[in-house]
Amino acid sequence: MFSFGSDPEFMIVKDGKYKSAIGIIQGDIENRIKIRGHEFYYDNVLAECAIKPSRSRSEAVANFKECLQLFAEMAHPFQIVPQAAQHFDREELQHPDAKKVNCDPEFCPYTMSMAKGPVDEILYGTLRTCGGHIHLGHESLTEGNNGIMAMYMMDLFLGVPSLWLDKDPTSGVRREMYGAAGRYRVKDYGMEYRSLSNFWLQSPRFVEFIYDMSEFVTEFVVSGKGEEHWSFDWDVFYNTSNLADAWSCLTYDPDAIREAIRTGEKAKVENHFELAQKLMPRKLKEEMLALCGTKPSGFYEAWKIKTT
């Protein structure tokens with residue numbers, strides 16, 4: 001059965017000033033504040049929460065709303081802001097935890113290797129970035145090639161469309177550090193897709209869409225349809241011991257997707273965007289295109305968050 005979750009990161013802001021979450025959010029990664037199944041903590045200078053998993057679209061919206069309301073109350077009188085990247089004043093980076101790279105390693109499905117984190121930027125720079133990681137839960141994603149196949153399909157069905165959906169001007173800056181195509185971690189419940197920023201946390205409507213698309217991708221892979229686009233040659237793997245060489249894409253250009261997600265150049269993948277639309281259900285396509293035409297609304301207003 002499919003489940004959906006996220007551990008998004010947020011900026012802390014008051015009166016236009018970006019503040020370190022250290023000291024504002026009391027929990028840290030090792031000692032998280034746990035309320036109603038959600039977890040709250042700071043990670044480096046960012047405010048992060050782990051939203052309890054959902055098994056339906058309506059439950060996802062309810063869980064996200066509950067978690068975000070609790071987080072906003074916790075941060076008050078500061079606000080939590082879904083923004084992809086920001087350079088912080090150095091005075092906000094003096095605490096030792098502000099120089100910690102707390103992330104476990106990410107992996108890249110295109111090279112089948114571990115992706116190096118931006119250690120130098122965290123230690124010596126001022127740029128900090130926020131992700132909107134997606135947790136896909138399904139017992140079949142832990143079997144065979146399904147987990148890796150899901151990451152390729154998440155790139156096609158969400159990574160590529162995100163170039164049209166994500167209107168945060170700082171998302172391009174985030175890609176200097178994080179957000180490359182297909183970045184993932186294997187989990188005991190399935191997979192964690194780590195390429196997107198937190199733009200989709202901006203409203204319940206976006207969360208509904210991301211839930212629906214994530215469920216569609218999971219079903220697409222589990223049903224075997226992903227194999228119509230990617231294949232795995234065991235003979236190549238056994239002869240070369242190179243897992244990356246054993247994978248091949250059958251219907252589109254993965255290098256173009258990787259480059260477009262890295263640079264934000266939509267022109268490089270317009271044909272891939274059209275392919276994704278042809279393959280997804282009509283209702284999902286219509287919702288996606290409608291969201292592509294919307295302007296970001298106020299985060300607190302969209303979620304009806306109250307702090308007084």
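**Entry 1: Q202**

I started with Q202, which sits in the loop that runs from β14 (190-193) to α6 (204-222). I keep in mind that this is a predicted model.

Is Q202 buried or exposed? I found a relative accessible area of 11%. Buried means under 20%, so Q202 is buried.

Next I looked at what the side chain of Q202 does, and I saw that it reaches the backbone oxygen of F199 at 2.7 Å. Then I asked which residues Q202 touches once its neighbours within four places in sequence are left aside. My list reads P296, S297, F299, A302 and W303.

**Entry 2: the largest pocket**

I turned to open spaces. Rolling a probe the size of a water molecule over the atoms shows where empty space is left. The largest pocket came out at about 620 Å³ in volume.

How many residues line the largest pocket? I noted 30, and those nearest the centre are D7, R32, A50, H135 and K187.

I also wanted to know where the lining comes from. At least two residues each are supplied by β1 (3-6), β5 (38-43), β6 (46-54) and β12 (134-137). Strand β6 gives the largest share, with five residues. Sorted by class, I wrote down 13 charged, nine nonpolar and eight polar residues for the lining of the largest pocket.

**Entry 3: the second largest pocket**

For the second largest pocket I noted a volume of about 260 Å³. There are 17 lining residues, and P82, F199, Q202, P296 and S297 are the closest to the centre.

By class, the lining of the second largest pocket holds seven nonpolar, five polar and five charged residues.

**Entry 4: enclosed cavities**

I counted two cavities of 30 Å³ or more. I looked up the second largest cavity, and its volume is about 100 Å³. Its lining includes G159, S162, D166, R174, S195 and I261. By class, I noted six polar, three nonpolar and three charged residues in the lining of the second largest cavity.

**Entry 5: backbone details**

I went looking for a cis peptide bond and found one joining H76 and P77, with omega at about 15°. P77 belongs to the loop between α1 (57-75) and β7 (79-81).

Then I checked for positive phi values outside glycine. R36 has a phi near 55°, and I located R36 in the loop between β4 (33-35) and β5. R36 is exposed, because its relative accessible area is 54% and exposed means over 50%. M112 has a positive phi too, about 55°, and is not a glycine. I placed M112 in the loop between β9 (106-108) and β10 (113-115).

**Entry 6: helix α10**

Last, I opened helix α10 (residues 270-279) and asked which of its residues are buried. They are H272, F273, L275, A276 and Q277. An α-helix has 3.6 residues a turn, so residues three or four places apart point the same way. What do the buried residues of α10 pack against? I wrote down α3 (146-159), α4 (162-165), α9 (254-263) and α11 (282-292).

Note on methods. Residues are numbered from 1 along each chain as its sequence is written. This is a predicted model: local features need pLDDT of at least 70, side-chain atom pairs count only at pLDDT 80 or more; totals for chains, interfaces and linings use all residues. Side-chain values use heavy atoms; hydrogens and water are left out. Helices (H or I, at least four residues) and strands (E, at least two) are DSSP runs, numbered from the N terminus. Buried means under 20% relative accessible area, exposed over 50%, partly exposed in between (1.4 Å probe, protein chains only). A polar contact is a pair of N or O atoms within 3.5 Å; within protein, one must be able to donate a hydrogen and the other to accept it, and residues adjacent in sequence count only if both atoms are side-chain atoms. Contact means heavy atoms within 4.5 Å. On a 1 Å grid over the protein atoms alone, a cavity is a set of points where a 1.4 Å probe fits but cannot get out, and a pocket is an open set with protein on both sides within 12 Å along at least five of seven lines; lining residues have an atom within 4 Å of a point. Grid points are joined across faces, edges and corners, and a volume is the space filled by probe spheres set on the points. Ala, Val, Leu, Ile, Met, Phe, Trp, Tyr, Cys and Pro count as nonpolar, Asp, Glu, Lys and Arg as charged, and the others, Gly among them, as polar.
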